[in-house]
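Subject: Structure handover

Hello,

Here is the structure for you to look at. Please open it first, then read the notes below.

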Amino acid sequence: MQNTNSRSNRKKSADPAGSSRPRTSYQGHHARKNFGQNFLRDEQVISNIISLIAPTDDETVVEIGPGLGALTEPVCEIIKHLNVIELDRDLAERLRHHPFIRDQLTIYEKDALTVDFSELREPGRNLKVYGNLPYNISTPLLFHLLKYGNVISDMTFMLQKEVVDRLTAAPDSKDYGKLTVMAQYFARIMPCLVVPPEAFTPAPKVYSAVVKVIPHATLPYVAKDYDLLEQIVSSAFNQRRKTVHNSLGDYFTDEVFASLGIDPKARAENITIEQFVKLANTLAEQRGS
Ligand code: SAM
């Protein structure tokens, strides 16, 4: 993953003082903490993210949380039309009156968690979604979007680095957990860029990172009952230091583990997504569902 915390990047910061001191007001807007408002201001980081989004006029493009337009404006330099979803009434109003890009935007002033993304897809065009997501709702929002994996072809998101580490983890590591399994069930997730707090105003307390999320066109392993998969994965990781013989012993005998190639002494972090799906499907069969 590329690290953008370089001296040259800091020099390009839009803050004339070059300070990472948190400010509550930026470009005349009072940042709302409850809307997860940390506005991007580092031109080099913005340019790197735009390259990762790589918007084109051949696809339908949607930005979640355009805010003050840090990503919106450069994307509108590349493509003619952009859909944006912004919950903050004041920010949506600013975009409606934006001096240069207002005519290029379709603005949805609503909560992205309530948006039916299948309604945004246009026939014959791929749907691409991107955003510097509000951190307070980033995980539920990601799972909301993953539900539309059959209509969204490509997503690029800024998230807390700690969340990105968990989303992109491999088995046998400390970051591999329920979030990893449930997200990678739906999509290929690639870490792309680490972003330091001083790239934003106000500066968040933690590092951020950009990920590319490519929903699987066809799921590699299909759970017969997704809720059962979630239940088993939760039970295993809720007691992640225990062996699966102990944490999942209420569901499976050691013989079942052995028949699926799972060592009963393994822990949750050693179980692959394929094996979790096999366990869930075995349970579904046992229960006759
Ligand atoms: N894209 C801008 C940038 O990079 O500077 C702003 C990013 S800021 C981290 C998150 C943005 O998401 C804010 O504009 C905030 O108002 C908006 N937002 C927060 N919750 C939202 C929600 N539920 N639905 C849509 N937008 C939301």
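A cavity is a set of points, on a 1 Å grid over the protein atoms alone, where a 1.4 Å probe fits but cannot get out. Grid points are joined across faces, edges and corners, and a volume is the space filled by probe spheres set on the points.

This is a predicted model: local features need pLDDT of at least 70, side-chain atom pairs count only at pLDDT 80 or more, and totals for chains, interfaces and linings use all residues. Residues are numbered from 1 along each chain as its sequence is written, and side-chain values use heavy atoms, without hydrogens and water.

**The cavity**

The structure holds 1 cavity of 30 Å³ or more. The largest cavity has a volume of about 40 Å³. Its lining residues (an atom within 4 Å of a point) include Ile49, Leu71, Tyr130 and Phe157.

**The ligand**

Where does the ligand sit? The ligand is in the largest pocket. A pocket is an open set of grid points with protein on both sides within 12 Å along at least five of seven lines. To sit there, more than half of a molecule's atoms must lie within 2 Å of its grid points.

Now the polar contacts (pairs of N or O atoms within 3.5 Å). The side chain of Gln37 has an N or O atom 2.8 Å from a ligand oxygen. For Glu63, a side-chain N or O atom is 3.5 Å from a ligand nitrogen. Gly67 uses its backbone: an N or O atom there lies 3.4 Å from a ligand oxygen.

Best wishes

Key:
A polar contact is a pair of N or O atoms within 3.5 Å; within protein, one must be able to donate a hydrogen and the other to accept it, and residues adjacent in sequence count only if both atoms are side-chain atoms.
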